[in-house]
Amino acid sequence: MNKKLGLTALGAALALSLTACGGEGAGSNANTEDADASELTIGVSMPTETSERWIADGNNVKEQLEAEGYEVDLQYAGDDIPTQGQQVDQMITQGADALIVAAIDGTALSSQLQAAADADIPVISYDRLIRDTENVDFYVSFDNFKVGVAQGTALLTGLGVLNADGSEGTATGPFNIELFAGSLDDNNAGFFFDGAMSVIQPKIDDGTLVVKSGQTDIEQAATLRWAQETAQKRMEDLLTGSYNDGTKVNGVLSPYDGISRGIITALQNAGYGPDLASANPLPVVTGQDAEIASVKLINDGVQSSTIFKDTRLLAEQAVAAATAFLEGEEPEANDTETYDNGVKVVPSYLLPVETVFKDDIQSVLVDSGYWTADEVAKGQSD
């Protein structure tokens, strides 16, 4: 078994944490309650195969569903919104009994989800909240505001403003920083940015941090489709426009490892680095998802940190939710207040995250079996 697929022992309690209700669950299909799992098909819609994170998610969900006996229709949409809509339509017309959807654009699937509701097909929103529709039954994700808090804290820790234990560090600045955000059509991007700014803004207000470009709004910092090339171009423009007087960038808030790699490439091309310990050091750059290419960069002292979200456990929660609905039960939610999709508050199960600096790679990523030491050294998965 691939090391990222499973975690049976670690997640067994999560996968079994289903709470029965008095009648049918929201969106549940009574016709599935007495069916054998082998008679049921679950459609799994993932946004793209250009990110190793989403490949791992798709594989995790597929293998864990198949381990429960379900048929699985897994499709990737190539980051193309119409393609994802067509794929979900096809899953519905071909008789899917439940849908697990990681949306490219959280507002673009309303007609498909109405069709799912009309067919009594429960819909589980996977990691990215589907918005502006009542026809989403459950949400599985991480605590995305806390992800942002962790990223902001990691930036301050990398700069020495905070110590690793969260206490005040000895560095006082002022430090020049720049801010990057995710794609505005992904509901998570706002949570990440707001969480980070809850930590960073007070340090801007007291002069410890300076955003030299003045670009502090999420609309200015956003990166469409989370694209590495888009982030690289924006970083290049920031360097040309705001740092052509010889001043240096000391830190960059990045919400995702792919964006981080684009930022680092732009900085290295401009003469920074090649690493954090160079005479002209790279700025402290944060990240998210513990992608293996970035884990190697952290191990090599190039990228400062990443936020690890164990997608093996996220897949287990998606499987648990699908199983609950198909058995006429309600999935367990640990948050029924936070995730308002514009039409309703979607019951959610949120998982914790971990911050990874170089010293954490072994204990957090290698010892847990997420990556091997050899993969970290190579920067490639086996």
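Reader: Which ring does K248 lie over, and at what distance from the ring centre?

Author: This is a predicted model. K248 lies over the face of a tyrosine ring, Y272. The distance from the ring centre of Y272 is 5.0 Å.

Reader: Over which ring does the charged end of R234 sit, and how far from its centre?

Author: The charged end belongs to R234, and the ring under it is that of F180. From the centre of the F180 ring, the distance is 4.4 Å.

Reader: How many aromatic pairs does a search of the whole structure find?

Author: The search covers the whole structure. Ring pairs link Y139, F191 and Y339 into a cluster. The count of aromatic pairs is 8.

Reader: Are the rings of W226 and Y256 stacked or edge-to-face?

Author: The ring centres of W226 and Y256 are 6.2 Å apart. Planes over 60 degrees apart count as edge-to-face. The planes of W226 and Y256 stand at 90°, so the pair is edge-to-face.

Reader: Where in the chain are W226 and Y256, and how many residues apart?

Author: W226 is in the loop between helix 7 (218-221) and helix 8 (228-242). Y256 is in the loop between strand 9 (251-253) and helix 9 (257-269). The pair links distant parts of the chain, and the separation is 30 residues.

Reader: Is W226 buried or exposed? And is Y256 buried or exposed?

Author: Buried means under 20% relative accessible area. W226 has 10%, so W226 is buried. Y256 has 11% relative accessibility, so Y256 also counts as buried.

Reader: Is Q84 buried or exposed?

Author: Q84 is found in helix 3 (residues 81-93). Its contacts, leaving aside residues up to four places away in sequence, include S45, M46, V101 and L109. The relative accessibility of Q84 is 2%, so Q84 counts as buried.

Reader: In strand 6, which residue is the bridge partner of I124?

Author: Strand 5 and strand 6 (residues 138-142) run parallel, joined by 3 bridges. I124 has its bridge partner in strand 6, namely F138.

Reader: What is the handedness of the crossover from strand 4 to strand 5?

Author: Strand 4 (residues 98-101) pairs with strand 5 in the parallel sense over 3 bridges. L99 stands opposite V123. The chain passes from strand 4 through helix 4 (residues 110-118) to strand 5, and this β-α-β crossover is right-handed.

Definitions and conventions:
Residues numbered from 1 in each chain as written. Predicted model: local features only at pLDDT ≥ 70, side-chain atom pairs only at ≥ 80, totals over all residues. Heavy atoms only, no water. Pairing = 2+ DSSP bridges. Helix = DSSP H or I, 4+ residues; strand = E, 2+ residues; numbered from the N terminus. Right-handed = clockwise from strand over helix to strand, strands pointing away. Buried < 20%, exposed > 50% of the residue type's maximum accessible area, 1.4 Å probe, protein only. Contact = heavy atoms within 4.5 Å. Phe/Tyr/Trp six-rings, centres within 6.5 Å; stacked < 30°, edge-to-face > 60°. Lys NZ or Arg CZ within 6 Å of the ring centre and 35° of its normal.
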